[in-house]
Amino acid sequence: MDFALTEEQAAIFDMARDFGADRIGPHAHDWEKQGTIPRDLWADVAALGLGGLYVSEDHGGSGLSRLDGVLVFEALSMACPSVAAFLSIHNMCGGMIDKFGSPDTKARWLPGLCSMEKVFSYALTEPGSGSDAAALRTRADRTDGGWRLNGTKAFISGGGYSDAYIAMVRTGAEGPRGISAVIVENGTPGLSFGAPEDKMGWRAQPTAQVQFDDCQIPADNLLGEEGRGFAYAMAGLDGGRLNIAAAALGGAQAALDASLTYMGERRAFGQSLDQFQALQFRLAEMETALQSARIFLRQAAWKLDTGAPDATKFCAMAKLHVTDRAFEVANGCLQLHGGYGYLADYGIEKIVRDLRVHQILEGTNEIMRLIVARAMLAERG
């Protein structure tokens, strides 16, 4: 088995890492304080082909694999997990449109998405339906001109910031088969937003409720087939979970790299911290955790790329394992920094705050355990 990256994949990783170090990392704390990401960043991101990673070249995308994608988000997250994760959500939307949209839908939305002239957000969760996503209540009723939407989405990254939203709405009966996916442009009458959420982490990206009050959209804003929206949402989440895991991995790697530097410089009891065997053992455990998580993540991405029958199970396992290990490593790095780790100037506390939510979103890690267990029971028969 060959675990090495190809030359092209190594170049993709290096390009994303260098871009993050140059254009994101130096501004991450300021953007966090401002609670937003400057819009002009996205033009530079798109110029590198990172606005439509999973979109075919015919529609302006890069046509990359899921494995290529996890390399991008790991590398970008070494500069800021919050910014990288926001870009991951935009790309998840692009992948859904490219995979499930009609030719007219693709031609209408994908060029602007890939150029990032239009930033996209994903709207599934509601105040009363988080893990039980199939219980969503937002309705879309047919009208002469299309669809009329009523309901509220919660915890939406980019709420009030993004240019368009892929929203999962109920067009039929209860349960997953009554759910469809629609695209709602910012500025549509009846579309409004709640106040920005005051969050523990991911503070650079705005998060707010998205509200529909007799929000009228054209009939051709339906994505794919009516009643297939829940299946589309879950398919999108397979890749989204890989990207969120990759973003956690990159943040944890940045924390470990910073800790290695700090421990070589900080002295206690007459020697640098990196000379204490007990602390060396902790470094070794962290390195082992991240390297094993990286291999597992890339295997899951490969399974999704090849259409393996157990790809969903592996995406769930990777999301569960990588985000748990990454948070543990980042938190351990804060401890190695002692009191300095608690200060914003050293950057470690931000990584810890950012990575905590990776164990919750794109399906909580408890739901990942449920997906894995159900797959195991199905395989048993």
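Let me start with a crossing: helix 5 passes helix 6 with a left-handed sense. Before I go on, please keep in mind that this is a predicted model.

So, where are these two helices? Helix 5 covers residues 81-100 and helix 6 covers residues 103-115. Their axes are 10 Å apart, and the packing angle is about 155°. Anything over 145 degrees counts as roughly antiparallel, and therefore helix 5 and helix 6 are roughly antiparallel to each other.

Now the surroundings of that pair. UniProt, in an unreviewed entry, lists residues 6-117 as "domain: Acyl-CoA dehydrogenase/oxidase N-terminal". In the model, residues 6-117 are 70% helix and 0% strand. The end C-alpha atoms of that span are 31 Å apart.

How much helix and how much strand does the span 122-215 have? Here we get 0% helix and 48% strand, with 17 Å between the end C-alpha atoms.

Phe-155 is found in strand 3, residues 146-157. Phe-155 is not a glycine, yet its phi is positive, about 60°. Is Phe-155 buried or exposed? With a relative accessible area of 61%, Phe-155 is exposed, since the cut-off for exposed is over 50%.

The second one is Trp-202, in the loop between strand 6 (191-193) and strand 7 (207-218). Trp-202 also has a positive phi, about 50°, without being a glycine. Its relative accessible area is 4%, so Trp-202 is buried; the limit for that class is under 20%.

On to the last annotated stretch. For residues 227-377, UniProt gives "domain: Acyl-CoA dehydrogenase/oxidase C-terminal", from an unreviewed entry. The chain there is 76% helix and 3% strand, and its end C-alpha atoms lie 28 Å apart.

My favourite element here is helix 9, residues 311-336. Helix 9 has 26 residues and reaches 37 Å from its first C-alpha to its last, close to the 38 Å expected at 1.5 Å a residue. Why do I call helix 9 largely enclosed by the rest of the structure? Because 20 of its 26 residues are buried. Just after helix 9 comes Gly-338, which takes a positive phi of about 60°.

Helix 9 also has a partner to show you. The axes of helix 7, residues 229-265, and helix 9 come within 8 Å and cross at roughly 20°. Angles under 35 degrees count as roughly parallel, so helix 7 and helix 9 are roughly parallel to each other. The crossing of helix 7 and helix 9 is left-handed. By class, that contact has 18 nonpolar, three polar and three charged residues.

One last stop: Ile-360, in the loop between helix 10 (348-356) and helix 11 (365-380). Its relative accessibility is 44%, so Ile-360 counts as partly exposed.

How values were computed: Residues numbered from 1 in each chain as written. Predicted model: local features only at pLDDT ≥ 70, side-chain atom pairs only at ≥ 80, totals over all residues. Heavy atoms only, no water. Helix = DSSP H or I, 4+ residues; strand = E, 2+ residues; numbered from the N terminus. Expected span 1.5 Å × (residues − 1). Buried < 20%, exposed > 50% of the residue type's maximum accessible area, 1.4 Å probe, protein only. Axes fitted to C-alpha atoms, helices over the stretch in contact; angles between N-to-C directions. Parallel < 35°, antiparallel > 145°, perpendicular 65-115°, else oblique. Left-handed = near helix turned anticlockwise from the far one by under 90°. Nonpolar A, V, L, I, M, F, W, Y, C, P; charged D, E, K, R; others polar. UniProt positions renumbered as here; feature names shortened; annotations may be inferred.
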